[in-house]
Amino acid sequence: MRTLSVVTGLLCLVAVNIQSAHAKSADAFFKRFQVVRSADGKLVGIRDRTLPVKFSVTPYVNLIKSQLLNEQSLIGQNLASGAYESDVKSVVEEGLDHNLAGYQSAFDNNVDMVVDSLKKLAILNVDGLFSHEVFKDVVAKYEGKLTDALLLLDPSMIANVNDSSYFYKKNVTYKAVTWGLEFARKRVSSVPMLNTVSYVVVQVEKLITERRQFHQNMLLHYLENFKESELGLTHDEVSLIWSSIYESRIEWYAFWESNSAKGNWSKYGVNNFYFNFRAASNNLRNSQSIYSEVSDRMNFAFQKVTYNNEKVIVNLFDKESFYQNRPAVAYNYDRPTQIVRKRVILNLAQLGLSFIPLSAIIKDNVSSFISSFYETQKITEGALYGYFESNGDSVGQKQIHAQYFNPFDSLTL
């Protein structure tokens, strides 16, 4: 009975969110998602109509090349005066908490490493690297391997309710990454080229995986904020869709968690969703004192607040960074491009880090610091995109897409 009362209370919270949301209709849900049923009407799963089946590495290669050339131009114009270093530090440190205590020195050291990593990119022959036949050959071969892996999946299927290990069994793209890195080591002798192509290999697979998770978070917004009947679903079907979404997030090595999902399939997703909902609510409660105003809860993961005299949306799932425990800012109404610049800098710093002669342990620590600003945050922002989409807010949609940095995903309906 106690469990039932807890769930009932949480359902009431969700009901309040539904009533306070100003979603125009469920039209966007049906434009984006296809409810897949068998011939007898039984739910099979959910497809996202906007996820392409065909795959090419080219969009990412073009994106990273463009970002590198733009950053090199900024470095060249501002390095001698010290303006570039100052700008990078101010972007990374913006909104820095003043209670880092004993972590301030570690934070500063990591920021210095970000600056040093970006400076290493200044001397890269970008056009020469990306046009070299060996670089293009490694990328083409890797694209073939990753395509083979993706053929084992249906990239558009983001939930499959009839197979409790559907995504776990098909978690195969990491094998393509292992192959790609080994092939690059055998094929490439130039250190700059090896570092760059290895970076491309790892990032491409990440982006493909993130794409599904981003769209699942969009779906979670709709499942939470619309009645089942509005989406053409039943209560039990929504529970199974939740289970499939959370099953897809089980790491390939976590067989024990896969067994847990199988053993409690009808409730696995419900339990995960509400556990995360409670955790997000606690994060908001613990951080409330730093906001001058707390307004609408947009969905399970996002909240409108006023922070440092700016109207922003905060991410209740992910903190700002490794050393900053407050909820991450996901959207700034006053400065909507604020997050884009930070993420460009940090993404490129990950590549530049590979050119700095440091031990693997130190590099791993710095890499973790860098990715803590954006890696999980941008995936969770799929739920914020879903909010903007369901409310017909095209400006919000464009901004979230811009800071998502996934060239394999147009998000277009």
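Q: What makes two strands a pair in this predicted model?
A: Two strands pair if DSSP finds at least two bridges between them. The model is predicted.

Q: How do you know that β5 and β6 pair?
A: Strand β5 covers residues 302–307 and strand β6 covers residues 310–321. They share six bridges, and the cut-off is at least two, so they count as a pair. Their sense is antiparallel. Within this pairing, Tyr307 stands opposite Glu310 in β6.

Q: Which strands make up the open sheet, and in what order?
A: The sheet has four strands, in the order β4-β5-β6-β7. The pairing is antiparallel.

Q: Why are β4 and β7 called edge strands?
A: Each pairs on one side only. Strand β4 spans 293–297, and β7 spans 324–332.

Q: What is the average twist from one strand to the next?
A: The twist averages 40°.

Q: How many helices and strands does the protein chain have?
A: The chain holds 18 helices and seven strands.

Q: Why is the protein chain called as compact as a globular protein of its length?
A: Its radius of gyration is 22 Å. The globule rule gives 22 Å for 413 residues. The two values are close, so the chain is as compact as a globular protein of that length.

Q: What makes a residue count as buried, and what percentage of the chain does?
A: Buried means under 20% relative accessible area. By that cut-off, 51% of the 413 residues are buried.

Definitions and conventions
Residues are numbered from 1 along each chain as its sequence is written. This is a predicted model: local features need pLDDT of at least 70, side-chain atom pairs count only at pLDDT 80 or more; totals for chains, interfaces and linings use all residues. Side-chain values use heavy atoms; hydrogens and water are left out. Axes are lines fitted to C-alpha atoms, for helices over the stretch in contact, and angles run from 0 to 180 degrees between N-to-C directions. The radius of gyration is taken over C-alpha atoms; the globule rule is 2.2 Å times the number of residues to the power 0.38. Buried means under 20% relative accessible area, exposed over 50%, partly exposed in between (1.4 Å probe, protein chains only).
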